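Here is a short report on one protein chain and its ligand. Look at the structure first, then read on.

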Amino acid sequence: MKEIKAFIQPFMLSKVVRILQQIPDFPGMSISEVKGFGRGKAKGEPRRIIEDLVEYTPKVRIEIIAKEHMVDEIVALIQKNAHTGNKGDGKIFVSNVERAVRIRTGERDGDAIWSPLKDE
Ligand SMILES: Nc1ncnc2c1ncn2[C@@H]1O[C@H](COP(=O)(O)OP(=O)(O)OP(=O)(O)O)[C@@H](O)[C@H]1O
Ligand SMILES: [Mg+2]
């Protein structure tokens with residue numbers, strides 16, 4: 001299992017989600033509003049938040065835990081659909097996930113993410 005964590009422009013979120021939802025067996029996702037900055041600080045960003053003399057830019061964080069065989073497709077779709085070509089388009093990170101538990105059923109790991117037989 002892998003975690004795909006992406007920081008994208010908030011105004012690109014709906015487009016990205018609509019596309020991801022079309023992937024068969026898409027496992028799910030979490031969305032949060034965050035603020036931060038990349039290498040370029042907040043320079044050239046369309047929106048900036050200044051707090052205590054520090055500049056941040058608003059972003060949306062997407063977290064998806066997925067089976068390995070889906071990772072390349074998910075990353076490619078996020079990149080394509082969050083892309084404007086301007087500064088601040090965001091970044092995508094992929095990391096390993098060691099364990100998962102589905103609380104209702106006790107299913108573990110890959111089955112906790114998506115199990116066709118028990119999924120009524
Ligand atoms: N190394 C990092 N660690 C954690 N979060 C990061 C990191 N880099 C970027 N982010 C998050 O991703 C957001 C988007 O980064 P951003 O696209 O502005 O990066 P950048 O390097 O400045 O690239 P660009 O030149 O395209 O603006 C940041 O506002 C921050 O929330
Ligand atoms: Mg930037």
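Keep in mind that this is a predicted model. We begin where two helices touch. K15, V16, I19 and L20 in α1 meet I74, L77, I78 and N81 in α2. The residues of this contact divide into six nonpolar, one polar and one charged.

How do the two helices lie against each other? Helix α1 covers residues 13-20, and helix α2 covers residues 68-81. They pack at an angle of about 150°, and their axes are 9 Å apart. The crossing of α1 and α2 is right-handed.

Is M70 buried, partly exposed or exposed? M70 has 19 other C-beta atoms within 10 Å, so it counts as partly exposed. A residue needs 20 or more to count as buried. M70 and P24 are 46 residues apart along the chain. Their C-alpha atoms are separated by 9.9 Å.

**The whole chain**

Now step back. The chain has three helices and five strands. Along the sequence they follow the pattern β-α-β-β-β-α-β-α. The C-alpha trace spans about 50 × 30 × 20 Å along its principal axes. Of the 120 residues, 16% count as buried. Take the contacts between residues at least 6 apart in sequence: 66% of them join residues at least 24 apart.

**A strand pair**

Strand β2 covers residues 30-36 and is hardly covered. How many of its seven residues are buried? The count is zero. Strand β4 covers residues 54-66, and seven bridges join it to β2. The two strands run antiparallel. Within this pair, E33 stands opposite V60 in β4.

**Around the ligand**

Which residues come nearest to ligand 1? Of the 14 residues around it, they are F7, G36, G38, R39 and G40. Strands take part in this shell too: β2, β4 and β5 (90-96) each supply at least two residues.

| Contact of α1 with α2 | six residues | one residue | one residue |

Definitions and conventions. Residues are numbered from 1 along each chain as its sequence is written. Chains are lettered from A and ligands numbered from 1 in the order in which they are written. This is a predicted model: local features need pLDDT of at least 70, side-chain atom pairs count only at pLDDT 80 or more; totals for chains, interfaces and linings use all residues. Axes are lines fitted to C-alpha atoms, for helices over the stretch in contact, and angles run from 0 to 180 degrees between N-to-C directions. Helices (H or I, at least four residues) and strands (E, at least two) are DSSP runs, numbered from the N terminus. A crossing is left-handed if the near helix is turned anticlockwise from the far one by less than a right angle, and right-handed if clockwise. Two residues are in contact if their C-beta atoms, placed from the backbone, lie within 7 Å. Ala, Val, Leu, Ile, Met, Phe, Trp, Tyr, Cys and Pro count as nonpolar, Asp, Glu, Lys and Arg as charged, and the others, Gly among them, as polar. A residue is buried if 20 or more other C-beta atoms lie within 10 Å of its own, exposed if 12 or fewer, and partly exposed in between; C-beta atoms are placed from the backbone. Two strands pair if DSSP finds at least two bridges between them. A residue is near a molecule or strand if its C-beta atom, placed from the backbone, lies within 6 Å of it.
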